[in-house]
Amino acid sequence: MKGLEYFEVECIEPVGAEIYKKIADDILLDLNLSQSIGRLHIYIDPETPLFLAVGVIKQMPGLVHIRDFASALGTGEGVVLDIGTETYLSPMLSILWDTYGRDLITQPDRFTVKIMVPGLNPREVEEMVVVDPSEGMFHDIIYAMQWIAPEGFKVRREIIGKGHFSYVASENTLDEEDIDKLLKEKLACVGVSV
Amino acid sequence: MTVFVPITYKGGVYRHDIIIDLIDDLGGYIVQKHMIAQEVVLQSLVPKDDIELIRKISRPLAGVVIEAPLVGTEIAVVSPSLEIHHLPHTSCDVAEYLRSAGAKTNMIGLARGFGKRIANLSIEERDIINEHDCAVFMLGNFETCIEYKMPALRRGINVPIILTGRPSTEALQRIIDPPVDGYVGGIGRIAHRMRQQEGEIDHLDTLVEEVSAVLSRKREEVAKDPLSINPARLMAVLDDAMDITKRSTHPTPVVVQIRALRVKLPYDTYADPIAAIEIENGVKIGDITQILPSRMRDYILIRIRPFSETKIMV
C-alpha cells in the first residue's frame, strides 16, 4: 500500500491473506487513514478464529484553530468572523457560546459570525482551538479495524498506546496470557516494544 | 408446442408500445417492464422462431434484443448480513449482475449469518429462501470458515444452492459435503466495487453461467412432469382479470418463477378471488394451483401443480 512503510497480512491461507491486504488498503483509503498509519501488521487465524491488528501512527493531525477556516476583523462593536469553510462551524459556535455567552454571538448569514464584545482582539479570537482531530482519529482507526475484521467477531480488545494501537477480535473468549504473548510478538513486527 | 426463449428488449420510450403489441400478438409474455427515464426494458418470453422478427421491427426504433437466460426466475442472493462488511460491494454487485441477465433477485441478509461458529439460519429465513428458484450463497475469503459454517447455513434449504466464495472453485468443491448444485470461486468479501474485467467481472459472468446451468437442470426436471400451465401465461391471465400491474405501485407486482408465481397482494383478501378466476373452458386457477400465503410480507405464493396431479393442461 502506498503511504505505509510496512504493511503485512499474516495468515495460513494465502488466498485470504492476499484479499485481506486489498480490503485493508481499500478501507484505510476510504477513511483517509493511509497517511496517518505508518506501519501495520495484521494476523488472521481462521482456525481459532482470531483477528489481530497492530500498527504505528505516523503523524497526528494538528489542532484546528479558528484562523484555519475563518478570518477575524475588528470593528467598533466587536469582531466579525468571515467563514471560509463550514466544516468546523458547529464546534466553533459552541465554543464561542461557552466563552462569550449566547446573547453576544450572532450569525447574520451562513458565512458571517459576529462577536459583540467591544475591544476584543481579533488575533486572540483567531488563535482559539476548535477541534483536536487526534481525539477522533483513534475512533476512526478502531472503526477501520472493526470494518476490516471479519464480521461477527464481537469479543474485542482494543488498546491505544503512545503512537501505536492494537486490536484483537474473535467470536470466542480468548486466553488473556496467550493474547498478551501474541500481541507482544506482533507489536515487535511493527517496531514497538511493550 | 412452442418453445419460448427468454429475452430482454432495451429501447427508447418512443413507440415502444409497438414492441409490446408485437410480443402479445406473437403469443409471447412480458414478465417485467421497467421504464427508466427515457429507456424501456422489457423482460419477456417469446417464441423462438420470432426473435428475428422482433429484432427487425425494433431496429428502426433503435431497440436491441438480447437473449437473457434468467428471465422468469426469482433468485435469492443470501449474504451473511446486511452490514457494511458485505454491502454495498459484492452482494449488490452480484445481485445487480444477475438482474442484468434477466433474473428477479431478492437480497437476503441473514440476522445471524455472520461469524464462523455462531453462524445460523432462522426458520423464517429458511422458508423465504425456499420460496425462490435457487439461492446464491455469498460467503467469504477463508476456506476454513466456509467449510465450518456452510452446514449451518444450508440446513433445511431444498432449492438449488450456488455457493460463491474467494477460494477457487476446486477448493469450494473439495470442502463442501454433501455437494451443492453450483460453485463459483473468486467472489469473496471485498471492499471496493467490481470493475476490473479480469478477476472480477469474469467471475460474475461465470456465476451467471453457473446459475443458468443449475436452473436449466431444474427446468428439465420440471419438463419431465410438465406444469398444468406455463407460469408466464398464468401471470397474463391473472393480470388480465385483476389489473394488478396497472393498479399496484410495486416495481414487479407479479413475479414469475419456474414453477410458481409470487403475487404482491394481501393473502387474506385476495386468495379466494384469485382461485375463482377462470383460465379457459371452465378451468379455474384454484383447480390447477395451490394458493399459499408467502413468508414474504403478506404476499401470495401460487404454486402450479404438475399435469400428473391435475390431469389438466391449459
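A cavity, in the sense used for these close-up views of a predicted model, is a set of grid points where a 1.4 Å probe fits but cannot get out, and its volume is the space filled by probe spheres set on those points.

**Figure 1. The second largest cavity, with residues of chains A and B in its lining.** This cavity holds about 50 Å³ of space, and the search that found it gives a count of three cavities of 30 Å³ or more. From chain A the lining takes A:Ile23 and A:Trp147, while the residues from chain B include B:His85, B:His86, B:Arg189 and B:Ile190. Sorted by class, the lining residues are seven nonpolar, three polar and one charged.

**Figure 2. The largest cavity, with a volume of about 340 Å³.** There are 25 residues in the lining of this cavity, and those closest to its centre are A:Pro150, B:His86, B:Gly140, B:Asn141 and B:Lys149. Helix α5 of chain B, which spans residues 143-154, supplies the largest share of the lining, namely three residues. By class, the lining divides into 13 nonpolar, eight polar and four charged residues.

**Figure 3. A salt bridge between A:Lys186 and A:Glu10.** Side chains of opposite charge can pair when their charged atoms come close. Here the side chains of A:Lys186 and A:Glu10 meet with an N to O distance of 3.0 Å, and this pair links distant parts of the chain, since A:Lys186 belongs to helix α5 (residues 176-189) of chain A and A:Glu10 to strand β1 (residues 6-11) of chain A, 176 residues apart. A:Lys186 counts as buried because its relative accessibility is 3%, under the cut-off of 20%, whereas A:Glu10, at 30%, counts as partly exposed. A:Glu185 joins A:Glu10 and A:Lys186 in a network of salt bridges.

**Figure 4. B:Arg262 and its salt bridges with B:Glu74 and B:Glu131.** In the pair with B:Glu74, the closest N and O atoms are 2.9 Å apart, and the two residues, B:Arg262 in strand β11 (residues 260-263) and B:Glu74 in strand β5 (residues 74-79), lie 188 residues apart in chain B. Both B:Arg262 and B:Glu74 are buried, each with a relative accessibility of 0%. In the pair with B:Glu131, the N to O distance is 2.7 Å; B:Glu131 lies in the loop between α4 (123-130) and β7 (134-138) of chain B, so this pair ties together parts that are 131 residues apart in sequence. B:Glu131 is buried, as is B:Arg262. Over all chains, the whole structure has 23 salt bridges.

Note on methods. Residues are numbered from 1 along each chain as its sequence is written. Chains are lettered from A and ligands numbered from 1 in the order in which they are written. This is a predicted model: local features need pLDDT of at least 70, side-chain atom pairs count only at pLDDT 80 or more; totals for chains, interfaces and linings use all residues. Side-chain values use heavy atoms; hydrogens and water are left out. A salt bridge is a side-chain nitrogen of Lys or Arg within 4 Å of a carboxyl oxygen of Asp or Glu. Helices (H or I, at least four residues) and strands (E, at least two) are DSSP runs, numbered from the N terminus. Buried means under 20% relative accessible area, exposed over 50%, partly exposed in between (1.4 Å probe, protein chains only). On a 1 Å grid over the protein atoms alone, a cavity is a set of points where a 1.4 Å probe fits but cannot get out, and a pocket is an open set with protein on both sides within 12 Å along at least five of seven lines; lining residues have an atom within 4 Å of a point. Ala, Val, Leu, Ile, Met, Phe, Trp, Tyr, Cys and Pro count as nonpolar, Asp, Glu, Lys and Arg as charged, and the others, Gly among them, as polar.
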